[in-house]
Amino acid sequence: SRSQGNLSSLPLYDVNDISAATNNFSPSNKLGEGGFGTVFMGELDGRNKIAVKRLGNFSTQGLDELKNEVILIAKLQHINLVSLLGCCIKGEELMLIYEYMENKSLDTIIFDKAKSSELNWQKRFEIIKGIARGVLYLHQDSRLRVIHRDLKASNVLLDKNMNPKISDFGLARIFGTDDAKSHTNRVVGTYGYMAPEYAMDGIFSVKSDVFSFGVLILEIISGKKNRRIFDTEPSSNLLSYAWTLWKDGKSLELLDTSISKNSFHTEEIMRCILVALLCVQDRPDDRPHMSAVVLMLNSPDAILP
Ligand code: ACK
């Protein structure tokens, strides 16, 4: 049963309809830890599979702030964002109910040799483009402008058709204008994906998400975790490095062997790498906006430097 709760338009579910709650969040149903809380597998009304995020104990003020954020996030609807189906409040506890994502997170696949071999280039490219559309939607929706702040492989979930959906908006911040920048003393996010101005000075903007997205592209293509990529070449030299590789035709060295065998897609792969390298530039102003990223990923004729 659901009712319109005080969380504005977000359906409010009865705790008795959520199996994960009625079986007292049994550890065997635990999917993992996400930003702000633990995620459990469950069913809604005994039928539909769901993921329930159980938020930790908050102070009354913390809970209020969180509710505000949830109200905003609930308005975001996009095929490349994990949908928030509703919530459930039990005393001081808040549970968020999400659609269930059969294929779990991207990092469980791309960094696993056996599993990643099933992910051919075409699928990887679709995943990259899907994530890009999701981030673009967050950045450019005219009612709400959201900066995710923690884009990474473990925050991209895959549905049963391997469509990517961005999750974990716990750290997201909402912005009014395109070029707004903000400063925080509490840098949250994941080292290795963080833009330098954010990691060092706490400055975040749409361009800090663009940086993380660039790292994500390189991971999806190479099957290597972010740190390794930056160990090989300093990021400021990466762009010229990619050009050299492209010109010399030995580009595929960087790549996961399972996709590099198929040279048929060389142009697309290199285009992706170039987009990624534009995204991970040190200066935020040098990085493209997501609208340009989506354009470059989709169009063979997009102008590159
Ligand atoms: O990689 P995973 O198994 O997939 O571990 C993480 C963990 O919970 C913490 O985020 C999983 N998870 C989160 N949301 C969902 C969801 N909607 N459907 C399925 N699994 C989820 C995620």
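1. Asp107 counts as partly exposed, having 16 C-beta neighbours inside 10 Å. The classes rest on the number of other C-beta atoms, placed from the backbone, within 10 Å of a residue's own: 20 or more is buried, 12 or fewer is exposed, and partly exposed lies in between. Asp107 sits in helix 3 (residues 107–110). Helices (H or I, at least four residues) and strands (E, at least two) are DSSP runs, numbered from the N terminus.

2. This is a predicted model, in which local features need pLDDT of at least 70 and side-chain atom pairs count only at pLDDT 80 or more, while totals for chains, interfaces and linings use all residues. Residue numbers start from 1 along each chain, as its sequence is written.

3. Not counting residues up to four places away in sequence, Asp107 touches Ala153 and Ser154; contact requires the C-beta atoms of two residues, placed from the backbone, to lie within 7 Å. The C-alpha atoms of Asp107 and Ile71 are separated by 29 Å, with the two residues 36 apart along the chain.

4. Leu81 is buried, with 22 other C-beta atoms within 10 Å. Leu81 belongs to the loop between helix 2 (60–73) and strand 6 (84–90). Apart from neighbours within four places in sequence, its contacts are Leu76, Gly134, Tyr137, Lys165 and Ile166. Between the C-alpha atoms of Leu81 and Ile131 the separation is 8.5 Å, although these residues are 50 apart along the chain.

5. For the whole protein chain, 12 helices and 13 strands make up the secondary structure. Of its 305 residues, 39% count as buried. Among contacts between residues at least 6 apart in sequence, 65% join residues at least 24 apart.

6. The ligand is surrounded by 17 residues, the closest being Gly32, Gly34, Ala51, Met101 and Ser105; to be near, a residue must have its C-beta atom, placed from the backbone, within 6 Å of the molecule. Strand 3 (30–34) and strand 7 (93–99) are the elements giving two or more residues to this shell. Strand 3 supplies the largest share, 4 residues. The shell has 8 nonpolar, 6 polar and 3 charged residues. Here Ala, Val, Leu, Ile, Met, Phe, Trp, Tyr, Cys and Pro are nonpolar, Asp, Glu, Lys and Arg charged, and the others, Gly among them, polar.

7. Helix 5 (residues 121–140) packs on helix 12 at an angle of about 155 degrees, with the axes 9 Å apart. Axes are lines fitted to C-alpha atoms over the stretch in contact, and angles run from 0 to 180 degrees between N-to-C directions. Helix 5 is therefore roughly antiparallel to helix 12, a label for angles over 145 degrees. The crossing is left-handed, which means that the near helix is turned anticlockwise from the far one by less than a right angle; clockwise is right-handed. Residues in this contact include Ile128, Ala132 and Leu136 of helix 5 and Val293, Val294 and Leu297 of helix 12. By class, the contact has 8 nonpolar, 4 polar and 2 charged residues.

8. Helix 11 (residues 266–279) also packs on helix 12 (residues 290–298): their axes come within 9 Å and cross at roughly 165 degrees. This pair is therefore roughly antiparallel. Helix 11 passes helix 12 in a right-handed crossing. Arg271, Cys272, Val275 and Cys279 of helix 11 meet Val293, Met296 and Leu297 of helix 12. The contact residues divide into 6 nonpolar, no polar and 1 charged.

Notes. Parallel < 35°, antiparallel > 145°, perpendicular 65-115°, else oblique.
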